[in-house]
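Okay, thanks for having me. Let's get the structure up on the screen and walk through it.

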Amino acid sequence: MILGSINPAVLMAALMVAATPILLAAIGELVVEKSGVLNLGVEGMMIMGACLGFIVAVNTGSPFLGFVGAAFAGMALSLLFALLTQALMTNQVASGLALTLFGLGLSALLGQRYVGITPPRTPKLDLGPLSDIPFLGRAIFSHDIMVYLTIALVAAVWWFLKYSRAGMILRAVGENHDAAHALGYHVKRVRVLAIMFGGACAGLGGAYLSLIRVPQWTEGMTVGAGWIALALVVFASWRPWRAMAGAYLFGGIVVLQLNLQAAGVKIPVEYLSMSPYLITIAVLVFISSGKARGSSNAPGSLNRPFHASS
Amino acid sequence: MIRLEKRKEPSKFWRIANPFLAVALTMIAGGIMFAMLGKDPITAIRLIFFDPIFSETFGSYSRPQLLIKSAPLILIAVGLAIGFKANIWNIGAEGQYIIGALFGAGVALAFFPQPGWYIFPLMVIAGAFGGFLWAMIPAILKTRFNTNEILVSLLLVYVAEKILAAMALGLMRNPDIAGFPGSRDLRRYEAAYNAELISGTGIHWGVVAALIAVIFAYAMMTRHMLGYHVQLAGQAPRAARFGGVSPARLVVICLGISGALAGLAGMFEVSGPGGQVRIEFASGYGFTAIIVAFLGRLNPIGIVLAGLLLGLTYIGGELGQMMLQLPGAAIQVFQGMLLFFLLALDFQTNYRIRLTQGARA
């Protein structure tokens, strides 16, 4: 029996690991889009994070410093995007694409001497007796710290957007930048900060791939994770908890598909491994068709350039 | 203080001048990058941009390569540019390129080893149709369900890559050689071989197709009603709708044209320079073509020049790898930088820098 050989606790554990990188990137992009900016460079920032995080971790021997480096790498690339779109008023779609193409190239260049190396191991967080609970201990309470930090980040972003004053300003800027400007808010400053946050998150997501999930560095290793994160934001209709639900759902599909491959199902590996992309498209269609709620939840000023005329 | 002032009309001068300026800046920044990699920047830049054409030793090999590399870029970019003008973003040309190649090769492999003059034309039709079909997925999802065409077309690239791998390992694998992935070599099958038309020039049917596509696109954009609708929809979508332009129809047309052209490019590649369906067949032409389209100012004539330039960087990159051990990824960085500089410079096209003294007027 094929499905019988899959342990649900292991599956659940693997699902959380598979979901974390795209959730990190998605929660960052969610904040960026909430501020009215569409950054299509997530893939590029993720792969730069994966690369730089790996390089720093290998050279210092510290995964923690690796993650810090990755966040800075993603942020540095996002600053380039901010410079282009906010200061020089370039087209956001084109600039995001440029970011992705540039990031893929630069990471391949920087990482070429790191192919085939094993990074320092990120320890599992010691949760004491929690890890010994049957089923739940194995499934939920035996992960590295990034898994939990990511969930905490989702909670923080949810609280920030919903209850904090700064979060409301950010939403106002994203909803109607002219009105926000008239009220005296600094539209561009808010947006640049949001873009930087998004870059740091994408970088962390990339480093999670190269340091924990895979863990290795290979050229182009994100294989579309950044784009899936972008789709996830639409799927979540710009709500943090729904982004998390979506990421876990997606992680589940990825893990199930990998397990089916390992169990030797009679479907060629290539067809199984295209399922995550196909399912992402199917979900996008479902959400955007308007039958599902929240499809019109997109920020009002999304992807519209802002130029104060006075 | 410095501030930006929006121009009433985009500056014509900067529109033309910026691509040249961007290339110059990329050469400088690229030189710095090469110096940081420990290579002599002047030699490296010369090797990439001049030696493929003018060098005595490499020229005879690399000159024909120029057209071979540029033709698919131009073919794809011409199609993409039409969509970009109307704000319809097909960024999955790489996927349409792969599917076009598979359709074309599929026809060839189905007829193997029969001779027949009709086989190659059938492959051309199949290639265009394959790319068209693959582009219709985002198009129909966009018009029927309002699904974002950027994400769908891009995600389909990964799906196409998986199909390519499945074909190379399964259905299309050469049955005569056991154990190796990859199809029969189409260059050894005369009826399907997209051979050089004039020996030593690199001109194959794909180059001819690119030329025809450029002429058609130019005529369409400047002389035909459809071209006018495309421009109108891009610049004033509301006015276009009142003017009776159907947005859905435009999405289908733009994605259809660019998909078919990308499919053609893939078909000419697999039946000629590429030779066979392999896992590593896709080489990023579909993504580089996006840069070509922007660098060429979304104008068919400009795209020819931009396509030749980026084709040159491919060959120069290979030369650099051979002669200076430059990493292959350096060329990707180069191409990315080019797009960055172009976008950054374009603020001059739409804005004017004003220096104001003290308080704002």
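So, H4(B) and H8(B) run roughly parallel to each other, because angles under 35 degrees get that label. The angle here is about 30 degrees, with the axes 9 Å apart, and the helices in question are residues 56-85 and residues 205-223 of chain B. H4(B) goes past H8(B) in a left-handed crossing. On the H4(B) side, the contact residues include B:Leu67, B:Ala71, B:Ile74, B:Leu75 and B:Val78, and on the H8(B) side you'll find B:Gly206, B:Val207, B:Ala210 and B:Val214 among them. By class, that contact has 13 nonpolar residues, one polar and no charged ones. Keep in mind that this is a predicted model.

Now zoom out to the whole of chain B. The secondary structure is 15 helices and two strands. The radius of gyration of chain B is 22 Å, close to the 21 Å from the globule rule for 361 residues, so chain B is as compact as a globular protein of that length. Along the principal axes, the C-alpha trace of chain B spans about 80 × 55 × 35 Å. Of the 361 residues, 53% count as buried. And if you take contacts in chain B between residues at least 6 apart in sequence, 79% of them join residues at least 24 apart.

Most residues other than glycine have a negative phi, and most peptide bonds are trans. Have a look at B:Asn87, though, where phi is near 65 degrees. B:Asn87 sits in the loop between H4 and H5 of chain B, and B:Asn87 is partly exposed, with 16 other C-beta atoms within 10 Å. Then there's B:Leu298, also not a glycine, with a positive phi near 60 degrees. B:Leu298 is in the loop between H12 and H13 of chain B. Is B:Leu298 buried or exposed? With 20 C-beta neighbours inside 10 Å, B:Leu298 counts as buried. And the peptide bond from B:Phe112 to B:Pro113 is cis, with omega near 0 degrees; B:Pro113 lies in the loop between H5 and H6 of chain B.

Okay, where the chains meet. Chain A and chain B each put 38 residues into the contact. On the chain B side, H6, H7, H12, H14 and H15 are the elements giving two or more residues. Which of them gives the largest share? That's H14(B), with 11 residues. By class, the chain B side has 27 nonpolar, eight polar and three charged residues.

Last stop is H10(A), residues 225-235. The axes of H10(A) and H1(A) come within 8 Å and cross at roughly 55 degrees, which makes H1(A) oblique to H10(A). The crossing is right-handed. Residues meeting there include A:Pro21, A:Ile22, A:Ala25 and A:Leu30 from H1(A), and A:Ala225, A:Ile228, A:Leu232 and A:Val233 from H10(A). By class, this contact has 11 nonpolar, one polar and two charged residues.

How many of the residues of H10(A) are buried? It's 11 of 11, with A:Trp227 and A:Phe235 among them. The cover includes H1, H2, H9, H11 and H13 of chain A, together with H7 of chain B. And just after H10(A), A:Ser237 takes a positive phi of about 35 degrees.

That's my tour, so over to you for questions.

Conventions: Residues numbered from 1 in each chain as written. Chains lettered and ligands numbered in written order. Predicted model: local features only at pLDDT ≥ 70, side-chain atom pairs only at ≥ 80, totals over all residues. Axes fitted to C-alpha atoms, helices over the stretch in contact; angles between N-to-C directions. Helix = DSSP H or I, 4+ residues; strand = E, 2+ residues; numbered from the N terminus. Parallel < 35°, antiparallel > 145°, perpendicular 65-115°, else oblique. Left-handed = near helix turned anticlockwise from the far one by under 90°. Contact = placed C-beta atoms within 7 Å. Nonpolar A, V, L, I, M, F, W, Y, C, P; charged D, E, K, R; others polar. Rg over C-alpha atoms; globule rule 2.2 N^0.38 Å. Buried ≥ 20, exposed ≤ 12 C-beta atoms within 10 Å, placed from the backbone.
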